[in-house]
Each structure stands twice: as C-alpha cells, then as structure tokens.
Amino acid sequence: MYLVDYHIHTNRSMDGRDALDEVCMAAVKNGIKEIAVTDHFEPIKKDPEYKEYDGKACFSDILKARKKFEGLLTIKFGVELGHPHLYPKQSEKIISQYPYDFVLASGHKMPGDMDFSQVDYTDSSLDKFFRLYLSNLKELVLWGKYDCIGHFDLIKRYAALQGVSIDLMLCFPEEVIEILKIIIELGKGIEINTSGLRQKSGACLPDYDIVKKYKDLGGTIITVGSDAHKASYVGEGILEGIQLAEAAGFKCLAVYDKRKPYYIPIEKIKRKNTKETA
Ligand SMILES: [Zn+2]
Ligand SMILES: [Zn+2]
C-alpha cells in the first residue's frame with residue numbers, strides 16, 4: 001500500500017511533541033510511504049510575526065530526514081497557516097520565504113484571537129457563533145494562497161468536548177455550499193482530517209456529508225491527514241479517511257510537490273504487496 005499522511009506536526013510546533021526523526025521512524029513503522037510535515041505558523045495579535053516559527057530550521061530538518069530515510073519514506077515540506085486571512089502580510093511572507101511543497105490553511109481562531117475552546121457550545125446563542133465561524137471560514141478560503149483547507153469543521157472537535165454534536169452541513173447548508181464553491185472555483189482542495197476519529201467527536205473533520213458535497217459540486221482535490229502531534233499518532237485513521245474519500249466518490253488522493261497537486265489512484269494506494277510508488 002502507498003499510504004500517505006498529509007498533516008503532521010513535530011516539536012517545531014508549539015504543541016508538537018516529537019522530533020522529525022521520531023516522526024519519520026513512526027511513519028515507516030506504521031506503513032506510511034509519504035508524509036507532509038505541516039508545523040504551525042500561528043500568528044496572534046500580540047505576536048503577528050510569530051517568531052516562534054523557525055522555517056529555516058524546519059526545512060533543514062526536512063533535508064536531513066530526506067537523506068536518512070531515502071528509499072523508505074517520501075518527506076514533503078509543508079506548513080499549517082493559522083487564519084492567514086487575518087495576518088496576510090506575515091503569512092504571505094512565510095510562504096514566499098521557504099520552498100514549501102504543501103500549504104494548509106486552517107481557521108484556528110476567530111478575529112480577536114478568540115479560541116474555539118472558550119466558546120460555550122451549550123449556549124442558546126450558538127447559532128450566531130456558527131454563522132460567525134462560517135463567515136470567518138469564508139474570508140479564509142477567499143484569501144486563496146493555500147493548497148488545501150484544514151479541518152473544515154474544526155468547531156465540531158470543541159463542541160464534542162462539551163457533549164454537543166454539530167453538523168454544519170445540516171444546519172447551514174447554504175453557507176457551507178457557498179464556501180465549498182469558492183474553494184473549487186479557486187482550484188483548491190480540502191483535507192480529510194482523521195484526528196476526530198481518536199477524539200470525542202468520533203468522526204473525520206469534515207465528515208462524509210461535506211466531503212460528498214465538495215465532490216458533487218465539482219471538487220477534485222482531497223488530501224488525508226492524521227494531524228498527529230506526537231509520533232505514535234502518525235498514520236492513525238488514514239485508512240478510514242481513504243474509505244471516506246472513496247465513499248464520497250473520489251478515485252484519487254492528492255499529494256503535492258512544490259505546491260503542485262499530483263493524483264494517486266486510491267486503487268493503487270490500497271494495492272497490497274507492491275513496491276510501486278506514486
Ligand atoms: Zn489545525
Ligand atoms: Zn494541525
């Protein structure tokens with residue numbers, strides 16, 4: 001099988017635990033053939049340049065790991081930009097500065113640095129918050145200088161922690177469809193983030209209904225990533241994520257090289273006992 005994991009954090013992320021070497025060893029052990037390392041660039045009001053992010057060191061890690069794991073693992077250099085539409089100057093500087101293969105854009109915070117974990121999801125004014133979440137996501141996708149949108153319905157993760165289940169597609173279909181259409185018109189993709197499978201929400205971010213709608217509207221670019229923040233999670237849920245893509249009608253997964261998407265047939269990804277690579 002040619003399994004890929006396109007969303008991984010190392011200890012170059014503030015919330016990542018293990019060094020790239022350990023991440024790569026875990027990937028090989030877990031049968032993953034290609035990874036994209038997507039450490040956080042996460043500007044906030046107090047630190048819009050986000051000086052904690054050391055792109056040079058990240059790239060140097062990648063170059064060393066590519067040599068060490070040559071023939072065993074394909075390692076792509078990525079970044080996960082947190083809410084780049086709120087910090088466009090800083091985010092654009094980062095992506096022009098380093099030779100990324102893959103750029104994920106993710107809405108982690110609302111304007112004003114409000115964290116999704118601070119929201120009371122049992123509150124009756126939630127409807128207003130969801131609309132705000134979706135209008136913020138719309139601004140993010142319109143920014144347009146990314147390859148894929150990370151965990152489209154991330155608030156599902158935090159709501160689940162408070163025992164609330166959220167289905168954006170069911171409650172706000174018009175808004176979700178409008179956002180998906182923008183992503184498609186811009187020629188961009190979405191990821192199936194499998195972290196939800198090992199968390200309380202128990203489902204991928206996004207799940208079948210949004211992935212299927214993206215496909216039905218004409219979307220063609222789908223990646224699958226574990227969002228591992230420690231080595232042992234690398235590759236976790238990837239097979240389930242691939243099954244979800246297939247169920248939604250996708251025949252191929254996207255991988256990236258120097259910001260260009262390439263497509264691997266899912267049939268080839270799942271083929272056993274082969275040394276074939278993409
Ligand atoms: Zn994220
Ligand atoms: Zn992430």
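A residue is called buried if 20 or more other C-beta atoms lie within 10 Å of its own, exposed if 12 or fewer do, and partly exposed in between, with C-beta atoms placed from the backbone. This is a predicted model, in which local features need pLDDT of at least 70 and side-chain atom pairs count only at pLDDT 80 or more, whereas totals for chains, interfaces and linings use all residues. Residues are numbered from 1 along each chain as its sequence is written, and chains are lettered from A and ligands numbered from 1 in the order in which they are written.

**Exercise 1.** Classify lysine 258 as buried or exposed, and locate it.

Step 1: lysine 258 sits in the loop that runs between strand 10 (252-257) and strand 11 (260-265), where strands (E, at least two residues) and helices (H or I, at least four) are DSSP runs numbered from the N terminus.
Step 2: because lysine 258 has 10 C-beta neighbours inside 10 Å, it counts as exposed.
Step 3: its phi is positive, about 50°, although it is not a glycine.

**Exercise 2.** Describe the peptide bond from leucine 205 to proline 206.

Step 1: this bond is cis, with omega near -5°.
Step 2: proline 206 belongs to the loop between strand 8 (189-193) and helix 8 (208-216).
Step 3: as background, most peptide bonds are trans.

**Exercise 3.** State which residues alanine 245 touches.

Step 1: contact requires C-beta atoms, placed from the backbone, within 7 Å.
Step 2: not counting residues up to four places away in sequence, alanine 245 touches Ile192, Val211, Ile222, Val224, Phe250, Leu253 and Ile266.

How values were computed: Two residues are in contact if their C-beta atoms, placed from the backbone, lie within 7 Å.
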